[in-house]
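Please open the structure in the viewer and keep the selection tool at hand.

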Amino acid sequence: PGDRGPNRKNVLIRMLFLLGIGLLLSFFICLFQWLREEQAKLLFIGLDGMNRYLAFGGSTLLLVLIFCWRVKPRPKTLGVAFTALLLLGFVATRMFRIDGYYGNRTPRITWSWSPNAELEIKNYLASKRQASTPSTPSDPSIPSNQARSTESTEGNFCQLMGNDRQGKVDNISLKTNWQESVPKQLWRHPVGLGWSSFSVVGNAAVTLEQRGDFECVVCYDTWTGIEVWCHAERTRFDHEYGDGPRSTPTIQNGFVFSMGATGIVTCLDLKSGQLIWKQSVFSDPASENLIFGMTGSPVVVNDLVVVTPGAGQGGHAIAFSAATGVEAWRSGDDEASYASPVAISLCKELQILSFNGAGLRSYSLNGKPLWLVPWVTQGESRVNVAQPIVVSCDEAVGSIDSEPRSIGNPKQSRSATVLISSGYDKGTALVKITHSEDQWRTEIVWESKLLKTKLSNIVVHNHFVYGLDNGILACVDVKTGQRTWKSGRYGHGKLMLVGEHLLIQAESGEIILVAATSDEHRELGKFQALSSKTWNHFALAGKVLLVRNDREAAAYQLEIELPSLPSPTSLTAAQRIVQK
């Protein structure tokens with residue numbers, strides 16, 4: 001009878017122990033089943049680089065628990081350790097702050113006393129105002145100056161990723177001896193928040209910025225960085241991955257067309273910045289906007305300005321009159337994403353391509369949906385960012401490298417090929433579009449996870465596609481989808497094909513020149529153009545490279561190769577003057 005109490009206690013302990021094992025096994029079984037579900041996979045893929053932090057933190061916590069269980073420290077020791085951790089955490093919060101996130105979703109940690117981006121632009125504008133009289137009391141810009149030239153030239157870069165949105169400049173060739181002669185800095189100064197880039201015509205470089213409560217279309221002089229004019233709309237988009245506008249203005253026929261992060265579309269006079277017309281694609285941006293805001297840049301085709309905001313049923317794509325702003329048509333039920341529409345001729349028919357939440361969609365110029373290639377990235381998030389790149393426009397069916405065919409019979413079968421690419425473990429695909437007997441057909445020629453672009457873009461050169469595969473430069477054969485090399489860690493930056501070279505803007509702000517060759521990765525030069533996280537596309541107008549991020553902008557003069565000329569002795573006097 002005296003041992004009955006302890007026996008009951010031991011039995012209870014064993015029962016609780018078995019129950020604990022059962023609950024633990026049930027937890028791991030449920031966790032295993034959850035990890036097999038599609039939404040769980042999408043969650044872990046979306047976390048990206050944060051997985052390392054979570055794994056490290058979870059492992060550390062588990063080790064601490066095991067240590068406490070095995071060593072059984074005294075309560076006083078645990079109290080001291082816990083207090084020390086709290087004190088350390090308090091000091092860390094006072095010394096450091098999270099200043100946004102990198103492209104792999106890891107936090108960007110800076111000193112708490114480091115300059116704030118909004119304070120920098122505010123102080124910069126105030127210093128400029130002290131020397132001049134503001135143009136209007138309500139205008140948050142610095143005083144207006146007359147642009148030297150807004151005339152069209154061969155060095156124009158009039159919209160996102162170049163004049164055809166294909167990420168290439170093929171009318172110049174860059175000198176590669178950057179070790180001997182680093183590109184010359186023309187100017188550098190703070191700018192407002194946002195992930196917009198520059199569009200350039202003549203000496204006018206236009207971008208979008210957030211200045212306090214105003215979303216501004218700002219025109220700078222390309223060569224000096226002096227602000228020429230600023231048009232402000234009282235609106236603001238805030239997000240933990242960066243505040244402010246995301247799209248890039250488009251310059252066409254002396255006018256600037258832009259769409260801000262909250263869906264305000266404006267048309268401005270390029271020379272003066274005067275507002276011509278304004279529209280809004282949302283009645284309630286707070287509920288209708290995308291989670292990362294409107295990032296699509298307007299495309300101008302014929303007399304229409306087309307945007308793809310995904311504004312409800314029948315409102316995925318909206319076209320406005322370029323002259324008056326009157327809505328011409330709206331079409332499509334697809335959900336929006338983060339790429340910009342592009343006007344391109346495929347199979348001898350001019351059409352508008354939209355890489356949206358449903359996939360690659362095509363519209364005729366009157367808004368009729370022509371075809372769709374389904375391509376859903378990251379489930380309900382629908383994160384398609386990279387611009388579609390045309391490999392061939394009009395060719396014999398079944399070939400991706402044949403010579404272009406003559407127009408001939410309009411009912412003749414024609415085909416085109418387009419590359420699309422996304423991140424989040426989705427990859428890249430070569431899409432074939434066929435037009436025959438007034439019917440459009442699409443098919444995916446190949447699909448590969450060897451190039452996952454996420455925030456970046458791709459370019460094509462000599463039947464090879466180049467892009468940043470989760471931050472590492474990779475080269476893939478367009479014909480097969482097989483990767484030939486992968487090297488060079490540049491983060492989630494941007495790239496452009498310039499002649500025979502790749503010009504890369506790294507996420508760190510560096511500019512890198514790489515040979516566009518399919519056999520190996522070969523860096524030719526680099527320099528630090530900006531000093532902070534850079535997601536913005538860059539612009540190359542002639543020999544002037546314009547770069548910016550959400551803190552500052554700068555312009556650099558690149559040396560270009562000139563075509564070989566006859567010797568001076570064989571030239572006439574007039575020819576020698578021209579050469580000089």
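Begin by selecting residues 96-101, strand S1, and residues 107-111, strand S2, which pair in the antiparallel sense over 4 bridges. Strands here are DSSP runs of E of at least two residues, numbered from the N terminus, and two strands pair if DSSP finds at least two bridges between them. This is a predicted model, in which local features need pLDDT of at least 70 and side-chain atom pairs count only at pLDDT 80 or more, while totals for chains, interfaces and linings use all residues. Residues are numbered from 1 along each chain as its sequence is written, and side-chain values use heavy atoms, with hydrogens and water left out.

Next, display the open sheet of 4 strands in the order S5-S6-S7-S8, with antiparallel pairing. Strand S5 (199-201) and strand S8 (227-234) stand at its edges with a single partner strand each, so one side of each is left without a neighbour in the sheet. From one strand to the next, the twist averages 25 degrees; axes are lines fitted to C-alpha atoms, and angles run from 0 to 180 degrees between N-to-C directions.

Now select strand S7 (residues 214-221), which is joined to S8 by 7 bridges and runs antiparallel to S8. Cys219 has Trp229 in S8 as its bridge partner.

Which residues line the second largest cavity? Select Leu208, Glu215, Cys216, Val217, His231, Glu233, Ser258, Gly260, Ile264 and Thr266. A cavity is a set of points on a 1 Å grid over the protein atoms alone where a 1.4 Å probe fits but cannot get out, and lining residues have an atom within 4 Å of a point. The volume of this second largest cavity is about 60 Å³; a volume is the space filled by probe spheres set on the grid points, which are joined across faces, edges and corners.

S7, S8 and strand S11 (264-269) each supply at least two residues of this lining, and the largest share, 3 residues, comes from S7. By class, the lining has 4 nonpolar, 4 polar and 2 charged residues. Ala, Val, Leu, Ile, Met, Phe, Trp, Tyr, Cys and Pro count as nonpolar, Asp, Glu, Lys and Arg as charged, and the others, Gly among them, as polar.

Move on to another open sheet, in which 4 strands follow the order S17-S18-S19-S20 with antiparallel pairing. Its edge strands are S17 (342-346) and S20 (369-374), each pairing on one side only. The twist here averages 30 degrees from one strand to the next. Select S18 (residues 349-355) and S19 (residues 359-363), an antiparallel pair over 4 bridges; Leu353 stands opposite Ser362 in S19.

Arg382 lies in the loop between S20 and strand S21 (389-395). Its side chain makes a polar contact with the side chain of Glu335 (3.3 Å). A polar contact is a pair of N or O atoms within 3.5 Å; within protein, one must be able to donate a hydrogen and the other to accept it, and residues adjacent in sequence count only if both atoms are side-chain atoms. Leaving aside neighbours within four places in sequence, the residues in contact with Arg382 include Ser337, Tyr338, Gly357 and Val376, contact meaning heavy atoms within 4.5 Å.

**Last stop: the largest cavity**

The model has 4 cavities of 30 Å³ or more, and the largest holds about 560 Å³ of space. Of its 29 lining residues, select Thr295, Tyr338, Val385, Leu455 and Lys494, the closest to its centre. This lining divides into 14 nonpolar, 11 polar and 4 charged residues.

How values were computed:
On a 1 Å grid over the protein atoms alone, a cavity is a set of points where a 1.4 Å probe fits but cannot get out, and a pocket is an open set with protein on both sides within 12 Å along at least five of seven lines; lining residues have an atom within 4 Å of a point.
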